[in-house]
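These are my notebook entries on one chain.

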Amino acid sequence: MNNNFSKELEEENYEFYNEVDPSKPDTITKFVDDINKPRVLTPRCINSKGTYYEVEMKECYHKFHKYFPKTRVWAYEKSIPGPTIEVLRNEKIHVKWINSLPLKHFLPIDRTLHGAVDNPEVRTVVHVHGARVDSSSDGHPDAWFTRCNAITGIKFEHEVYRYTNDQQATTLWYHDHSIGITRLNVYAGLVGFYIIKDTLERKLNLPCGNYDIPLMIQDKSFNSDGSLFYPDSPPFPVRVKPSVTPFFLGNTIVVNGKVWPHLKVEPRKYRFRVVNGSNTRNYNIALSNNQSFFQIGTDGGLLNAPITLNEIPLEPAERADIVIDFSKLKGESLILKNLGDNSPHTGVLMEFQVVLPLSSEDTSKIPNILYPIKDHLEEHMATRIRTLPLTATQDDYGRPMLLLDNKMWHDPATEKPLMDSIEVWNLVNLTAFPHPIHVHLVQFKILDRRLFDEQKYLEEGILEFIGDPVPPREYERGWKDTVKADSKMVTRIIMHFKEYPGDYVWHCHILEHEDHDMMRPIRVLKE
């Protein structure tokens, strides 16, 4: 057999060599694919009006694993995840998001959901998650557009979005936000990193360049032919098919577009910007050698000071900015684990292989003070306190449906904060499980979590707390845009609506819940 033919077989004829069935995790070899830092998007032009980018959404084929066939996906600029948009604080940029997707979806569409009933099957709109931005560029669920903008939603205003980036340096991410099909479009591949940097961060001498790596963690399932699997019905009988399901848990883990990959590293410190990009699954991240690591940032940017941790939980859409020191692990391998999941598959995320030679002396540091500027928000400053229940009910087809404030998406906005107002929201979770709640436009602080008299609240509408407040967990005391609202507790957050009047949203970031009405409008008023 000649060498070229042998190589072709190794790369393309997987079954002869590995007997891999992508639908069966037991057959998939772990840690055979190396991952790299996602490429940074190059602007089309830079002029007096700012920096201009174009990002095209297209159907393409992606190799999730060395021994998988290529998989049909939808991607930004034909890459999974999409290219990283990297900007400086206060740098004004413009992005033209271009929909070149097919007119038919390759995942199952539930036509009973809001937005999917009588609108075109394939719609997109891009939300930069965590960005403080004008409402017309926020990626409102009803600002969707079809291929070539042939048809647009009622909130669509313009095809070029403007981002001012007037916020603390941080790791954001961009993803689809179309009404009724967000879960499908994100799962199909429409995600990417959006990173804001600033001069203060540069002075800290944190790991940078090749040693500053974003990690997008998702779970997926595949069919035997390597195509993406997504269920067309829930795990119980319903009268609708295809039907939305209350949750989706894949049987494999994908990091930066690769199934159970490895990353070759040098024996030095690395910074990892970790995003939970899964539809439903939460993670509790830890290292297999029980080594501690340093958390330096949350959703909204750097912490005031670093925290030493052995594990860090992440709900869907939450981010953690961490530093891992590999300097004493030369020649070793260690696994990034998902604690709390006993599966030999979804309990494993990726592997670090400390096998690269040290290219230069590691002079990076983890300073005692990261972000000395403290922007306090205290409860006594609030001009409005809202009590907002998270509830469970059934829809017209007998399917479970989760709601915010007992209202559906189409009900008129009831959260109408004034510009420059400070509000406290009491998120009263009456359901049996936690929900990651995301508020557009603002970064907030978690005040505390409290037990409450559920019966009194349900019968009399009176919110009566029980016992002492539980302060935010150590790893979530920075600025946040997504918070875990624990079951049977009141999670209290405080936020400042500083600027940008207009229409925004808040919702559960379990995407199956978001698409099935666990999303509500916010209208920020000038006065």
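**Entry 1. Pro22**

I looked up what Pro22 touches, leaving out residues up to four places away in sequence: Ile28, Phe68, Pro69, Phe222, Asn223, Ser224 and Gly226. A contact here means heavy atoms within 4.5 Å. The model is predicted, so local features need pLDDT of at least 70 and side-chain atom pairs count only at pLDDT 80 or more, while totals for chains, interfaces and linings use all residues. Residues are numbered from 1 along each chain as its sequence is written, and side-chain values use heavy atoms, with hydrogens and water left out.

Pro22 is found in the loop between helix H2 (14–18) and strand S1 (45–47). Helices (H or I, at least four residues) and strands (E, at least two) are DSSP runs, numbered from the N terminus. Is Pro22 buried or exposed? Pro22 has a relative accessible area of 1%, so I list this residue as buried. The classes use a 1.4 Å probe and protein chains only: buried is under 20% relative accessible area, exposed is over 50%, and partly exposed is in between. I also checked Pro22 against Asn90: they are 68 residues apart in sequence, and their C-alpha atoms are 45 Å apart in space.

**Entry 2. The six-stranded sheet**

In which order do the six strands of the open sheet lie? I read the order as S24-S23-S25-S30-S27-S28, with mixed pairing. Two strands pair if DSSP finds at least two bridges between them. From one strand to the next, the twist averages 25°; axes are lines fitted to C-alpha atoms, for helices over the stretch in contact, and angles run from 0 to 180 degrees between N-to-C directions.

I then went to strand S25 (residues 421–429). Nine of its nine residues are buried, so the strand is largely enclosed by the rest of the structure. Ser421, Glu423, Trp425, Leu427 and Asn429 point one way from S25, whereas Ile422, Val424, Asn426 and Val428 point the other way.

For the pairing of S25, I noted both partners. Strand S23 (residues 384–394) runs parallel to S25, with seven bridges, and Pro389 stands opposite Val428. Strand S30 (residues 490–497) pairs with S25 in the antiparallel sense over eight bridges, and there Ile422 stands opposite His496.

Further along the sheet, strand S27 (residues 444–452) is joined to S28 by three bridges, and the two run antiparallel. Leu451 has Ile466 in S28 as its bridge partner.

**Entry 3. Salt bridges**

How many salt bridges are there? I count 39, taking a salt bridge as a side-chain nitrogen of Lys or Arg within 4 Å of a carboxyl oxygen of Asp or Glu.

Lys104 and Glu121 meet through their side chains at 3.3 Å, N to O. Both lie in the loop between strand S5 (93–99) and strand S6 (126–129), so the pair ties together parts that are 17 residues apart in sequence. Lys104 is exposed at a relative accessible area of 57%, whereas Glu121 counts as buried at 13%.

The side chains of Arg271 and Glu201 form a salt bridge at 2.9 Å, N to O. The pair links distant parts of the chain, with Arg271 in strand S15 (residues 269–276) and Glu201 in helix H4 (residues 199–203), 70 residues apart. Arg271 is buried at 2% relative accessible area, and Glu201 is buried at 7%. I also found these two in a network of salt bridges that links Glu201, Asp212, Arg271, Arg273 and Asp321.

Asp299 sits in the loop between strand S17 (293–298) and strand S18 (301–309), and Arg319 in strand S20 (residues 319–325), 20 residues away. Both residues of this pair, Asp299 and Arg319, are buried.

**Entry 4. Cavities**

I noted six cavities of 30 Å³ or more. A cavity is a set of points on a 1 Å grid over the protein atoms alone where a 1.4 Å probe fits but cannot get out, and lining residues have an atom within 4 Å of a point. Grid points are joined across faces, edges and corners, and a volume is the space filled by probe spheres set on the points.

The largest cavity holds about 80 Å³. Its lining residues include Pro234, Phe236, Arg399, Met401, Glu512 and His516. S24 and helix H6 (511–515) are the elements that give two or more residues to this lining. Which element gives the most? S24 does, with three residues.

Technical notes:
On a 1 Å grid over the protein atoms alone, a cavity is a set of points where a 1.4 Å probe fits but cannot get out, and a pocket is an open set with protein on both sides within 12 Å along at least five of seven lines; lining residues have an atom within 4 Å of a point.
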